[in-house]
Amino acid sequence: MTDNTNAKDALLARVQDERAKWHALLAEVGEARMEQPGPMGEWTFKDLAAHLTGWRARTVARLEAAGQGQAVPPPPWPSSLETDDDVNGWIYQQNRDRPLREVLADADGSYERLAAALAALPEADLTTPGRFAWMGGTPLAEGDFFGHLHEEHEPSIRAWLNGLQGQ
């Protein structure tokens, strides 16, 4: 993304495009299958949605703090958690008994919060490399906010869905 004058619009369009892809995936999975184990071993699609939303919450909180001129907030999970697996387990425990519709509403709302947080930032904050240390030198406008789903989890979701064909 080299045209800085349209970086914010392009980034917000990416968020909306990803939200549309998420909705398409929800439709493909179908509500009747969302609480069946399989997409991540024993985890259900509902568990996966909560997992993705839990991690996105950290990013959104960071962006919201930046928009308000505040320091990077601590993660939403206990500081005693040391590994990603620990965090994943905590997110699972926090959400496993929640109703599906609440989990899906939170997931959908996370796209809205992400877009609002990005929209609130000045263009320079989106395009300046190294502006946010937690981005590892990458400008926000070039950030990968959706690789967690597409690279890490979508292949197993697709395999699970393919295995359900004809059932």
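This is a predicted model: local features need pLDDT of at least 70, side-chain atom pairs count only at pLDDT 80 or more; totals for chains, interfaces and linings use all residues.
A search of the whole structure finds 12 salt bridges. One of the pairs is Arg-19 with Asp-108, whose closest N and O atoms are 2.7 Å apart. Because Arg-19 belongs to helix α1 (residues 7-29) and Asp-108 to helix α4 (residues 100-119), this pair ties together parts that are 89 residues apart in sequence. Arg-19 has a relative accessibility of 16% and therefore counts as buried, the cut-off being under 20%. Asp-108, with a relative accessible area of 18%, is buried by the cut-off of under 20% as well.

A salt bridge is also formed by the side chains of Glu-28 and Arg-158, with an N to O distance of 2.6 Å. Here the pair ties together parts that are 130 residues apart in sequence, because Glu-28 lies in helix α1 and Arg-158 in helix α6. Glu-28 is partly exposed, with a relative accessible area of 39%, and Arg-158, at 28% relative accessibility, likewise counts as partly exposed.

The side chains of Arg-98 and Glu-102 meet in a further salt bridge, for which the N to O distance is 3.5 Å. Arg-98 counts as partly exposed at 22% relative accessibility, and Glu-102 is partly exposed with a relative accessible area of 41%.

On the surface, a patch of negative charge is made up of Glu-82, Asp-84, Asp-85, Asp-86, Asp-144, Glu-151 and Glu-152. The elements that give two or more residues to this patch are α3 (84-95) and α6 (147-164), and α3 gives the most, with 3 residues. Asp-84, which is found in helix α3, has a relative accessible area of 52% and is therefore classed as exposed, a term that applies over 50%.

Thr-59 is found in helix α2, which comprises residues 45-67. With a relative accessibility of 17%, Thr-59 counts as buried, because this value is under 20%. When neighbours within four places in sequence are left aside, Thr-59 is in contact with Trp-134 and Phe-145.

Conventions: Residues are numbered from 1 along each chain as its sequence is written. Side-chain values use heavy atoms; hydrogens and water are left out. Helices (H or I, at least four residues) and strands (E, at least two) are DSSP runs, numbered from the N terminus. Buried means under 20% relative accessible area, exposed over 50%, partly exposed in between (1.4 Å probe, protein chains only). Contact means heavy atoms within 4.5 Å. Patches are made of residues with over 30% relative accessible area and no salt bridge: like charges are joined within 9 Å, nonpolar side chains (Val, Leu, Ile, Met, Phe, Trp, Tyr) within 5 Å. Accessible areas come from the Shrake-Rupley method with a 1.4 Å probe; for residues, only the protein chains shown count as cover. A salt bridge is a side-chain nitrogen of Lys or Arg within 4 Å of a carboxyl oxygen of Asp or Glu. Lys and Arg count as positive and Asp and Glu as negative; His and the chain ends are not counted. The place of a charge is taken as NZ of Lys, CZ of Arg, CG of Asp or CD of Glu.
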